Amino acid sequence: MNGLEISPFIRDLPKVELHVHIEGTLTPALRWKLAHRNNIELPYKTYEDLLDSYKVTYNHRKEVNGDDGRPTFLEAFFAGCQVLITEDDFYELGMAYFERCAEMNVRYCEPFFDTQAHTERGISAITVMNGYYRAQQEGASKYGVKSNWIFCFLRDRPLQEGLDAYAAARPWARLADGTGKGLYHAVGLAANEFEKPPLLFEEGFKMAKRDGLHVTLHCDVDQKDAAAHVREAIFDVCNGEGTERIDHGLNVLDDPELIPALKERGIGLTLCPHAYHRRQATETLFSKIQKLIDEGVKLCINSDDPTYMHNVWIDGNMQKIYTYCGLGKADMVKLARNGVEMSWAGDDIKKELLLELDQVVVQ
Ligand SMILES: [Zn+2]
């Protein structure tokens, strides 16, 4: 189930990543370093104990499957966030991801971030965003990895708290009137989706739309009411205009009306195969993804939360599709092109990457 060896073809393919939660890239090494720098006590005596904790498969949901005593994925994820305190910590988190991007030939990305998980710990939103903003600038100049970020509402927190967080974060957005620092250019959703349908955050989406930002909707796989949530995302949010992208959304396969609607409205899916592979058998999962490809659904491949998902990054996720769907090189170039086309990068970035993808040898 875990990672495959990355082939040179996948390694060298120019990539964009549209579905990665920045805190889900916090490596054990950086977590250990920041815990010591900030005098945060970890529940692990040694670095090896910490490393061992990442080997657990956090693939259950207490609300859906019952409590088996292990932490859930989200509990592990938010436990990791505890070591992020200063602006430098957030900056280093961003830079570590960009360094990794450069190694994997990820040239452009749209990382998810939120401020609520940090302000509730007493960290100011300004500290969080100044750190990420510095990483955005230096990631581009030092590693050549360009990025536009996505502000997330935490869906298991009250709507008003999310709206307040958005208002505080607004000066860091790239606003339609040309103002704002330009850290982020879209809004989305993160955290626990259980009984939290997309429309609960409609007011937030409308605010973002008024500001000229994009909207993407996170729809977890096999969550309670998963297909109903996807339906809302396609037909109902943003005054019925629908979302521009869906993050995950594999449950479109459960309702025959959804795939035609996705295609008609030009909504793409940002899939993260390894995340689903933690819960689904190889043949079941990859035949579902193959079906989406065959049906002509636009999709691209991403990593989600690589450090909490067995250290399988975007290259490892692409390798899984390449191997288990039995795709050829030209098919993989097509998936990489989808990422570029589904992104909200500037035309110059898109053009450059598409040109480069045109030149990839697929024989
Ligand atoms: Zn996600």
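## The nonpolar core

In this predicted model, the largest nonpolar core holds 98 residues. Seven names are worth looking up in the viewer: Tyr132, Ile150, Phe151, Cys152, Tyr184, Val187 and Val230 touch the most other members of that core. As a general background, nonpolar side chains tend to be buried together in soluble globular proteins.

Let's pick one of these residues and look around it. Which residues does Val230 touch, leaving aside those up to four places away in sequence? They are Cys219, Ile246, Gly249, Asn251, Val252 and Leu258.

Now find strand E6, which covers residues 184–190. Is E6 mostly buried or exposed? Seven of its seven residues are buried, so the rest of the structure largely encloses this strand.

Strands in a sheet pair through backbone hydrogen bonds, and the pairing can be parallel or antiparallel. E6 pairs with strand E5 (residues 149–154) in the parallel sense, over six bridges.

## Crossing from strand to strand

How does the chain get from E6 to E7? The path goes through helix H10, and this β-α-β crossover is right-handed. Another right-handed β-α-β unit is made by E5, helix H9 (residues 159–169) and E6.

## A closer look at Arg210

Helix H10 spans residues 202–210, and Arg210 belongs to it. Why does Arg210 count as exposed? The reason is its count of C-beta neighbours: there are 10 inside 10 Å, and a residue is exposed if that count is 12 or fewer.

Arg210 and Gly122 are 88 residues apart in sequence, and their C-alpha atoms are 30 Å apart.

## An open sheet of three strands

Finally, turn to an open sheet whose three strands come in the order E1-E2-E4, with parallel pairing. The edges are formed by strand E1 (15–17) and strand E4 (146–147), each of which pairs on one side only.

Strand E2 (residues 106–109) runs parallel to E4, and two bridges join them.

Terms used: Residues are numbered from 1 along each chain as its sequence is written. This is a predicted model: local features need pLDDT of at least 70, side-chain atom pairs count only at pLDDT 80 or more; totals for chains, interfaces and linings use all residues. A nonpolar core is a set of buried Ala, Val, Leu, Ile, Met, Phe, Trp, Tyr and Cys residues joined through C-beta atoms within 7 Å. A residue is buried if 20 or more other C-beta atoms lie within 10 Å of its own, exposed if 12 or fewer, and partly exposed in between; C-beta atoms are placed from the backbone. Two residues are in contact if their C-beta atoms, placed from the backbone, lie within 7 Å. Helices (H or I, at least four residues) and strands (E, at least two) are DSSP runs, numbered from the N terminus. Two strands pair if DSSP finds at least two bridges between them. A crossover is right-handed if, with the strands pointing away from the viewer, the path from the first strand over the helix to the second runs clockwise.
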